[in-house]
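Open the model in your viewer and keep the sequence panel beside it. The tour goes from stop to stop, with a selection at each.

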Number of protein chains: 2
Amino acid sequence: MLVQKYKDMLSGKSVIRELSEFATARGQEIGYENVFDYSLGNPSVPAPREFTDEMIRMLKQMGTNELHGYSPSLGIPGVREAVAMSLEKRFGLPYRKEHIFMAVGAAGALAHAFRLVTEPGDEILTFAPYFPEYGPYVNLTGAVLKVVPPDTESFQIHFAKFEEMLTEKVMAVLINTPNNPSGVVYSAETLERMADLLRKKSAEYGHTIYLISDEPYREIVFQGVDAPCVSAFYDDTIMCYSFSKSLSIPGERIGYVAVNPACRDAEDMVYMCGQISRGIGHNCPPSIIQLAVAKVLDKTADLSVYETNMNLLYQEMTELGFTCVKPGGTFYIFPRALEEDAKEFCRKALKYDLILVPGDTFGAPGYFRMAYCIDTEKVERSLAALRRFVKEVYR
Amino acid sequence: MLVQKYKDMLSGKSVIRELSEFATARGQEIGYENVFDYSLGNPSVPAPREFTDEMIRMLKQMGTNELHGYSPSLGIPGVREAVAMSLEKRFGLPYRKEHIFMAVGAAGALAHAFRLVTEPGDEILTFAPYFPEYGPYVNLTGAVLKVVPPDTESFQIHFAKFEEMLTEKVMAVLINTPNNPSGVVYSAETLERMADLLRKKSAEYGHTIYLISDEPYREIVFQGVDAPCVSAFYDDTIMCYSFSKSLSIPGERIGYVAVNPACRDAEDMVYMCGQISRGIGHNCPPSIIQLAVAKVLDKTADLSVYETNMNLLYQEMTELGFTCVKPGGTFYIFPRALEEDAKEFCRKALKYDLILVPGDTFGAPGYFRMAYCIDTEKVERSLAALRRFVKEVYR
């Protein structure tokens, strides 16, 4: 018999997917350039030239057995070493190869992190607004994802609610800064306060509460914004990284787990990841992609377009009267809708060919997300549509 | 707290890994060319030129967003389509895109197949000798792997034991033909008899018993051997494939699940794989690798060296008095050891710089495996060492 829980999931509808399908259909009708599709968080800038060049160089110069041979399940040693050195140089923490586990994208990294520290029935806390895939990612392991309601003033952490929900059943806290969907970067003050609370509660409950830090947007931080290194605040931090956004290669599924060197069992945890892999069919990321990213660890795609787009949108949105926390990074903005039901608001926006995603999906009803990883020229053209939408419907 | 079951696994020793470490250490001592390392099933022939050329062509000609963009979680539609067409042409079964799920290697494909059809506590049967990773692959899902003892005459299936163990708790049967470690190809007679039994028992128990067919060695079949298509014998077959061996690219982690078009819920099962992915961090295989293999589906590396090596070894082994089923494919041979304890036999062989793997690991004590995916020149040199070993120790 087929397993019912997966069969049942087939009838679940993804709002984002439905919107994206609408956008595609509408695009076929009026030309895709006339649909202002803010639904998908898909990097739009080219991958750095160096990544492509390195791939071609290896394909031309290396023997195929060396290039395409099995990687050890923890990752290629030289690649792990290079990642550790880059992290040490950047953040001043003593990362070594032994703290790094190469993973098939951030999803792969998170799948290992969750299994490291939770048994079925244990709880993981995250903070709204949050990336909706965290739900199935966690719940299908048998652990339970609980969502702390948002602090809608700042989209930092709602500490009163957090402390209330941080019970003995919580084995890990999952954060994402810079944040999808709010674009907000957690401040040093937020991280310090969170770390203090985690240390206090770990001592009180007699078990470590791990901090799982999902950092795919780490390199997309805007001018004047301080994006502190999460691991520097809390020893028991498991960093999950993906090169998808920094190098604009989301399809190549490459990332890593970096266990904080200050974490008591750091090296064991990396070996445990190798064991977890055997149960989830992970094995290791593709060799050629591991080798290529190792050569461009300190490079990024040209990410400046995201800041340009953010500034255009933020200015227009505030001028139009939207309540909106200014993003510190990512390629998302998360304003308050102009009516209570954001789903209704987004539905009305479709008439203006504006594809916006209601915040309900992200655990923050009443808000909506715009993913502005699109051409600046298109953002500029969308502003007129936004203005018309607001004036005709809400004035 | 860290999860104990994974921590406990760290103390488990892999015999194959230990042997491989011995070989490396010995190689540093006497030169690697003088160590006859038959321990690792690592393809040794170059990847086909066409694969490399296609990778370079795409890197040079395609836009990076198109090339490195997100793949849908079921795989890139054009790639799934190409795989289906190739399977249809080859096996005459009406495969369509809807039956194909692209996976990160055979391990990824199997991880989905197991979760499709078993809940925790359910049983999966496999047949000794078997690939030892099936143990953690299955058991870490919560299902239970049970191993049917070998028919040591032929390394086909021991049907009396099979029928005895095929209880109501069995939800799937897992086979691997051509087989690692025996090199044996299941005959049409074996497959027909197995299918009949599965149909009978499915009807008797009122639930489908799925057949999971792990086929990474499908393209390595020797002259005069008939390797029947497993799916043609049984409707409810889930084929798991990897390009690791056929294209000699094991590090690139690319394969697929192909659900038999005749299977009642085939299309749903592929969609369910996409849901399973969310729970195990799979997402999709790397885009560039998907696109590249789609262009070389009907190509293979030059696999003829494996047959040359097999013939050399089989002839020598039988002349030396080993009991040995002649392999029909793969790059393995699985003779009976010259003393009851194959571990002791393999330990003694180390003195002759012969690295052999005891069959205990594969559920067949008393036998040993040789992985002859090494240069023919080295196989030839190893024969003298084999002769000396047998004559000095066992005559």
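Select B:Pro129, in the loop between strand S3 (123-127) and H7 of chain B. Helices (H or I, at least four residues) and strands (E, at least two) are DSSP runs, numbered from the N terminus. The peptide bond from B:Ala128 to B:Pro129 is cis, with omega near -5°. This is a predicted model: local features need pLDDT of at least 70, side-chain atom pairs count only at pLDDT 80 or more, and totals for chains, interfaces and linings use all residues. Residues are numbered from 1 along each chain as its sequence is written, chains are lettered from A and ligands numbered from 1 in the order in which they are written, and side-chain values use heavy atoms, with hydrogens and water left out.

Next, select B:Asn180 and B:Pro181. A cis peptide bond joins them, with omega about 20°. B:Pro181 sits in the loop between strand S5 (170-175) and helix H9 (188-205) of chain B.

Move to chain A and pick A:Asp353. Its phi is positive, about 60°, although A:Asp353 is not a glycine. The residue lies in the loop between H13 and S10 of chain A. Which residue does A:Arg26 form a salt bridge with? The partner is A:Asp353, and the closest N and O atoms are 2.5 Å apart. A salt bridge here is a side-chain nitrogen of Lys or Arg within 4 Å of a carboxyl oxygen of Asp or Glu. The pair links distant parts of the chain, 327 residues apart: A:Arg26 is in helix H2 (residues 15-30), and A:Asp353 is in the loop between helix H13 (342-349) and strand S10 (354-355). Over all chains, the structure holds 46 salt bridges.

Stay in chain A and show the open sheet of 3 strands, in the order S9-S12-S11 with antiparallel pairing. Strand S9 (332-333) and strand S11 (357-358) stand at the edges with a single partner strand each, so one side of each has no neighbour in the sheet. S11(A) pairs with strand S12 (residues 368-371) over 2 bridges, in the antiparallel sense. Two strands count as paired if DSSP finds at least two bridges between them. Click A:Val357: opposite it, in S12(A), stands A:Arg369.

Now show both chains. Chain B can be laid on chain A with an RMSD of 0.0 Å, by a turn of 180° and a shift of 0.0 Å along the axis. That is the relation of a two-fold axis. The superposition is by least squares on the C-alpha atoms of residues with pLDDT of at least 70 in both copies. The same surface serves both copies: 100% of the contact residues of chain B recur in chain A.

Colour the interface. The contact (heavy atoms within 4.5 Å) takes 72 residues from chain B and 72 residues from chain A. The two chains bury about 6000 Å² between them, 59% of it on carbon and sulfur atoms. Buried area is the accessible area (1.4 Å probe) lost on putting two parts together, summed over both.

Last, select A:Asp265 and B:Lys7. They form a salt bridge, the closest N and O atoms being 4.0 Å apart. Between chain B and chain A the count is 4 salt bridges. Several helices of chain B each supply at least two residues of the side that touches chain A, among them helix H1 (4-9) and helix H10 (266-280). The largest share of that side, 9 residues, comes from H10(B).
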